[in-house]
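The following note reviews selected features of the structure. Please keep the sequence and the model at hand while reading the numbered points.

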Amino acid sequence: MPFTELLVGQPAHGGHCVARVPDGEGERVVFVRHALPGERVRVTITEHRSSFLRGEAVEILEPSADRVDSPWPEAGAGGVGGGELAHASLPAQRRWKQHVLAETLRRIGGPELAEQAGEVPEPRALPGDDEAGGLGYRTRVSLTVAQDGTAGMHAHRGHEVRSLGGMPLAAPGIADLDLLGPESPWRSLWHPGARLTAVAPSADEPLLLIDGKPASLPGRRRPRRSVRERVSTAVGPLDYRVDTAGFWQVHRQAPAVLAEEVLAAAAAGGDTANALAGAQILELYAGAGLLTLPLAHAVGASGAVMTVEGAASAVQDARRNLAGQNQVTLGQARIDAGTVREAAAEFGGAPDVVVLDPPRAGAGAEVMAAIAAVRARRVVLVSCDPAALARDAADALGRGYRVERMVPLDFFPHTHHVEVVTTLVR
Ligand SMILES: C[S@@+](CC[C@H](N)C(=O)[O-])C[C@H]1O[C@@H](n2cnc3c(N)ncnc32)[C@H](O)[C@@H]1O
């Protein structure tokens, strides 16, 4: 079945739409990438599984009104991953994510979560994205060196590395590094198969890591171990240092927007400066302290913020970023039920708010149960995966919390990814 003509249905979690092909007496589901709902397309089947097929739309026979010329054709059918919605207009991408989020909450979280979440809004565009066509936002880009020595990315669900001609989603500082093509000045420093990470910090020169180590061109500034990031917030600009290979929000506007949303959620939507003064906050998965610093300002000297983070280098960065904030205690530990209980016990009673920003897999049932047992009035859950959000939020609902608000944010234009800040209250 090399090519099949299909009518494409609604999007599903993972960056594809659902279609069906006849299969014996019944039908088989096909997950189709690079198509839009309602389109009639020719599809090449890329993977056969016992219960479903995967395919890519290679010819659009009846296009949707939402279809646009992709600003990144190299991420289209047969191409690299990371730009799977680039064939849709930005408003259509946001409607796609809204649909997937609502469906995932219902399918994985169950009817109660779906009901409490209510009418899930479209993910909010970040400042400047609509004007820029959703391009030039990524301050971190991962590449791999192809066999011919040029920088590229892996084919979607493939091992082969494709050389890239452009990186339209990358921030301008990354293009300035001149990584692409056979004339790149970096070529003598890397080898086929090397992993490259390009970083364009908000308050520092862009830099390149080769196999996780900061590199520099001959005669240029020595490689740095950390970069400076500056985040504009309501309490003024906040300055951070972050390990070059450490976690930092990828969208150039995401640090400020996330800090503002988390503060508003923790403060019950009130004036954060007053509502959180004196509050006791437990922050889990705190990274280099992006959220810890504005939380520390908001609770003030009479409040307390305790963090737990697993990566030693991130805790070291946080120590520097939070220097002088005596109301903050930084803990390094792998987060599990035990560490949540221990951290909460330090407050000598329930903290007012628990903030958590777990990795893509979510916090998981055990950690969510331990968080619920802490009995904080509010839990602010930051999720970068709708399925993990549905599991984590459903766990909280089963343990005495209800959803007060869900704020989806379009942190990753042209991809299917979406960030959501959920406020849970007892
Ligand atoms: C999505 S990041 C959030 C960091 C921070 N809130 C930010 O926005 O920069 C998740 C963080 O959780 C940490 N982490 C992941 N799994 C962990 C675990 N099991 N225990 C402790 N920390 C973990 C990672 O090192 C990372 O810093």
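1. Why is helix 6 (residues 292-299) largely enclosed by the rest of the structure? Eight of the eight residues of helix 6 are buried, so the helix is largely enclosed. A residue is called buried if 20 or more other C-beta atoms lie within 10 Å of its own, exposed if 12 or fewer do, and partly exposed in between, with C-beta atoms placed from the backbone. The buried residues are Thr292, Leu293, Pro294, Leu295, Ala296, His297, Ala298 and Val299. After helix 6 comes Gly300, with a positive phi near 70 degrees. Helices (DSSP runs of H or I, at least four residues) and strands (DSSP runs of E, at least two residues) are numbered from the N terminus.

2. On the basis of the model: this is a predicted model, in which local features need pLDDT of at least 70, side-chain atom pairs count only at pLDDT 80 or more, and totals for chains, interfaces and linings use all residues. Residues are numbered from 1 along each chain as its sequence is written.

3. On the domains: the domain assignment of the protein chain gives domain 1 (3-94), domain 2 (110-123 + 251-425) and domain 3 (140-230). Such bounds come from an automatic or database domain assignment. Between the C-alpha centres of domain 1 and domain 3 the distance is 30 Å. Eight residues from domain 1 and nine residues from domain 3 take part in their contact, where two residues are in contact if their C-beta atoms, placed from the backbone, lie within 7 Å. On the side of domain 1 that touches domain 3, three residues are nonpolar, four are polar and one is charged. In this classification, Ala, Val, Leu, Ile, Met, Phe, Trp, Tyr, Cys and Pro count as nonpolar, Asp, Glu, Lys and Arg as charged, and the others, Gly among them, as polar.

4. On the partners of strand 19: strands pair if DSSP finds at least two bridges between them. Strand 18 (residues 353-356) pairs with strand 19 in the parallel sense over four bridges, and Leu381 is the bridge partner of Leu356. Strand 21 (residues 419-425) pairs with strand 19 in the antiparallel sense over six bridges, with Val382 opposite Val421. Together, strand 18, helix 9 (residues 365-374) and strand 19 make a right-handed β-α-β unit; right-handed means that, with the strands pointing away from the viewer, the path from the first strand over the helix to the second runs clockwise.

5. Arg375, in the loop between helix 9 and strand 19, has a positive phi near 65 degrees. Arg375 is partly exposed, with 14 other C-beta atoms within 10 Å. His414, in the loop between strand 20 (402-409) and strand 21, has a positive phi of about 75 degrees although it is not a glycine. His414 counts as buried because it has 26 C-beta neighbours inside 10 Å.

6. On Ala304: this residue lies in strand 16 (residues 304-309). Where does Ala304 stand, buried or exposed? With 20 C-beta neighbours inside 10 Å, Ala304 counts as buried. Leaving aside residues up to four places away in sequence, Ala304 touches Gln280, Val299, Gln327 and Phe347. Gln280 is 24 residues from Ala304 along the chain, yet their C-alpha atoms are separated by 4.7 Å.
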